[in-house]
Amino acid sequence: MKTTLNDLTWTRIALCVAGTCLNLTALASAPSIQLTQVSSSYSYLGTESRADLAAVIAGSPVVSSGPLNEATLFAGDAGVDEGYYVGTGFVVTSCEAGPWSFRLGPDFGRGGAVFVDGVKMADATHDLWWDLNWNLTSQLLTVDNVVLAAGPHSVEVFGFEGCCSGKMSLEFQVADGGWQAVSIANLTPPDQDHDGYADCDDQCPNSNMSPTVVIGGCNSGVSNLLLPGGCTIADELAHCAAGVVNHGAFVSCVAQLTDALKAQGLITGAAKGAIQRCAAQSDIGK
Ligand SMILES: [Ca+2]
Ligand SMILES: [Ca+2]
């Protein structure tokens, strides 16, 4: 039973500063994948910096939206003397922060390297050919359980081949959640209410996203703001209504909520009054 706002709610509201309740997750970059393939007779030596390798594979990148499996990732051709680059940017949500792993099934006759956030994490200076078999572990470039904090990250692969490129694949794994092809779709966490908070980070994963705050058919006309943590004002009002013991308790809860929103500069006094009038007129708790 909940007739008053809990401490968590107050914390969420307090996170809004001077009317700004934008959430960082929503502002973070969407996943991106770029592929570059150039003519190159380079052989990876094991000592180059990321910038050195990027200079070797300087070409026009191709943006990929599909999964980086053997049908799409440098899908095999008869070319010789080639350099390859895969650049993947993605955002780790707070609930997926922790160990991530990556594995590349390569055909790099002259070796190659994998970088996470610009740091070399795996490389080989000899011939690598995975033969489309993830069990050939000696032929893979693998990054095991690198700990990623919430926020933006990148995985990059550089490789070189002297002859007749074969098909390649790039996969990732979050904790022990199973391997998935690197793709925009797989790197985009579900967000069923489209408020910018991934479901697993969203304190209200199925938010009421009504444009204005409506209580029992009474439209207050007040914008239904999204608060830090992923709940809207309408969600918080629903929390007030859930299990309420009587109408007075509901009206009191709404008063506390709107007082706090006004104190934070999120709504005007007039808006607070409009919401409270709708609450008072409603049948909730009766
Ligand atoms: Ca959401
Ligand atoms: Ca939400």
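This is a predicted model: local features need pLDDT of at least 70, side-chain atom pairs count only at pLDDT 80 or more; totals for chains, interfaces and linings use all residues.
Residues are numbered from 1 along each chain as its sequence is written, and chains are lettered from A and ligands numbered from 1 in the order in which they are written. The chain comprises 7 helices and 14 strands, where helices (H or I, at least four residues) and strands (E, at least two) are DSSP runs numbered from the N terminus.

**Overall composition**

- Of the 286 residues in the chain, 35% count as buried; a residue is buried if 20 or more other C-beta atoms lie within 10 Å of its own, exposed if 12 or fewer, and partly exposed in between, with C-beta atoms placed from the backbone.
- Among contacts with a separation of 6 or more, 73% join residues 24 or more positions apart; two residues are in contact if their C-beta atoms, placed from the backbone, lie within 7 Å.

**Nonpolar cores**

- The largest nonpolar core holds 35 residues, of which Leu104, Val114, Val157 and Leu170 touch the most other members; such a core is a set of buried Ala, Val, Leu, Ile, Met, Phe, Trp, Tyr and Cys residues joined through C-beta atoms within 7 Å.
- At least two residues of this core come from each of strand 3 (82-92), strand 4 (98-105), strand 6 (112-116), strand 10 (151-161) and strand 11 (169-174).
- Strand 3 contributes the most to this core, with 6 residues.
- Leaving aside residues up to four places away in sequence, Val157 touches Tyr85, Val86, Leu104, Gly112, Val114 and Leu170.
- A second, separate core of 23 residues has among its members Ile233, Leu257, Ile267 and Ala271.

- An open sheet is formed by 6 strands in the order 2-1-3-10-6-7, with antiparallel pairing; two strands pair if DSSP finds at least two bridges between them.
- Strand 2 (62-63) and strand 7 (119-124) are the edge strands, each pairing on one side only.
- Strand 1 (residues 32-39) pairs with strand 2 in the antiparallel sense over 2 bridges, and Gln34 has Val63 of strand 2 as its bridge partner.

**Serine 101**

- Ser101 lies in strand 4 and counts as partly exposed because it has 17 C-beta neighbours inside 10 Å.
- The C-alpha atoms of Ser101 and Val146 are separated by 6.3 Å, although the two residues are 45 residues apart along the chain.
- Not counting residues up to four places away in sequence, Ser101 touches Val143, Asp144, Asn145, Phe172 and Gln173.

**Helix 6 (247-263)**

- In helix 6, the buried residues are Phe250, Cys253, Val254, Leu257, Thr258, Ala260 and Leu261.
- Viewed down the axis of helix 6, these buried residues fall within an arc of 155°, so they line one face of the helix; the arc is that of the directions from the helix axis to the C-beta atoms.
- Exposed Asp259 and Ala263 are carried on the face of helix 6 turned away from its buried side.
- Gly265 follows helix 6 and has a positive phi, near 80°.

**Helix 7 (residues 269-281)**

- Ala271, Lys272, Ala274, Ile275, Cys278 and Ala279 are buried in helix 7.
- These residues cover an arc of only 160° around the axis and therefore lie on the same side of helix 7.
- The cover over the buried residues of helix 7 includes strand 13 (212-215), strand 14 (218-223) and helix 6.
- Gly269 and Ala270 are exposed residues on the face of helix 7 turned away from its buried side.
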